[in-house]
Amino acid sequence: MIAAIPFPDISPEIFTISLFGLDFSLRWYALAYIVGIVLGWRLVLATVSRPTLWPGDTSPMTRTQVDDLLTWVILGIILGGRLGFVLFYQPGYYLSNPGDILKIWQGGMAFHGGFLGVLIAATLYFRKENIPWLSAADVLAMVTPIGLLLGRIANFINAELWGRPTDLPWGVIFPGAEAQNCGTLAGLCARHPSQLYEAALEGLILGALLIWLAYRRGAFKRPGLILGLFVAGYGLGRFLVEFVRQPDAQFISPGNPLGLAWQIGGYGLTMGQILSLPMIAVGLYFVLRARRA
């Protein structure tokens, strides 16, 4: 390699406490979930406290309802994210080892599954409380990029979900035998820091755009607009990053080195791209629906 960035020496564990012979660790990924949920919750509270942002100058939820919704959202993230990973990425393994489905501390969460989990949980709560669905979904969509930003940074610190090999000067030399297994490439193997690409696209840029539209351009006055922009924006960002992101090992074979989940004549799509296409379509539907309203 002519130029590459050594991986920073950051432990995936922030600290570890030993109690009764057992070690309990706080990891960056867990902290990302906690901080993302807390910041999102506080921003939702601040947003529903400004009735002039909403149609008819009436907020879709009270502060008490926001607090109650938090529990439903957390359950949706955990259950949906885990089941999404099991069903979308490793169904064969977990069918043979169903007991491992509950071992979320070993890793394995899928955003697409977490998104569906939150969507289902929030919809059930909105119906229970007679909350206008589109407006409430808009505010949840606005704060979701916060968690995505922090989660992708945690992925980078954990040296996981790295990208394909690259000779670009910002390629990162990730540790571990799998990361350094770049075929016939001699010397150290640098890879795309695809986690940081996603943090920028799906987190920082998308989040800043949605907050600006909501607070400065009156986007909440058109129910469904923020929701549609988030869903389509995430889908597009993930679709693009998949071109440089290393696919999951179970999709890679000697005849399929790119790890395409669907292909014809050597051209096709990764699993992440397949799952992102419906999100782009659904997001555009909500955007067009809101603009016509």
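1. In this predicted model, the residues of helix α2 that count as buried are Q65, V66, L69, V73, G76, I77, G80, G81, R82, G84, F85 and V86. These buried residues pack against four other helices, namely α1 (28–48), α3 (91–96), α4 (111–129) and α5 (133–157).

2. The length of α2 can be checked against its residue count: the helix has 26 residues (63–88), and at 1.5 Å a residue these should span 38 Å, which agrees with the 36 Å that separates its end C-alpha atoms.

3. The structure holds one disulfide, which joins C182 to C189 with an S to S distance of 1.7 Å. The torsion about this S-S bond is about -65°, and the disulfide is therefore left-handed. Both partners fall under the 20% cut-off for burial: C182 counts as buried because its relative accessibility is 15%, and C189 is buried because its relative accessible area is 1%.

4. A further point concerns R238, which lies in helix α7 (residues 225–241) and, at 4% relative accessibility, counts as buried. The side chain of R238 makes a polar contact with the side chain of E242, at 2.8 Å. When residues up to four places away in sequence are left out, R238 touches Y89, H112, R152, E198, E202, R245, G272 and S276; of these, H112 falls within the range 111–129 given for α4, and R152 within the range 133–157 given for α5.

Methods:
Residues are numbered from 1 along each chain as its sequence is written. This is a predicted model: local features need pLDDT of at least 70, side-chain atom pairs count only at pLDDT 80 or more; totals for chains, interfaces and linings use all residues. Side-chain values use heavy atoms; hydrogens and water are left out. Helices (H or I, at least four residues) and strands (E, at least two) are DSSP runs, numbered from the N terminus. The expected span of a helix is 1.5 Å times one less than its number of residues. Buried means under 20% relative accessible area, exposed over 50%, partly exposed in between (1.4 Å probe, protein chains only). Contact means heavy atoms within 4.5 Å. A disulfide is a pair of cysteine sulfur atoms within 2.5 Å. A polar contact is a pair of N or O atoms within 3.5 Å; within protein, one must be able to donate a hydrogen and the other to accept it, and residues adjacent in sequence count only if both atoms are side-chain atoms.
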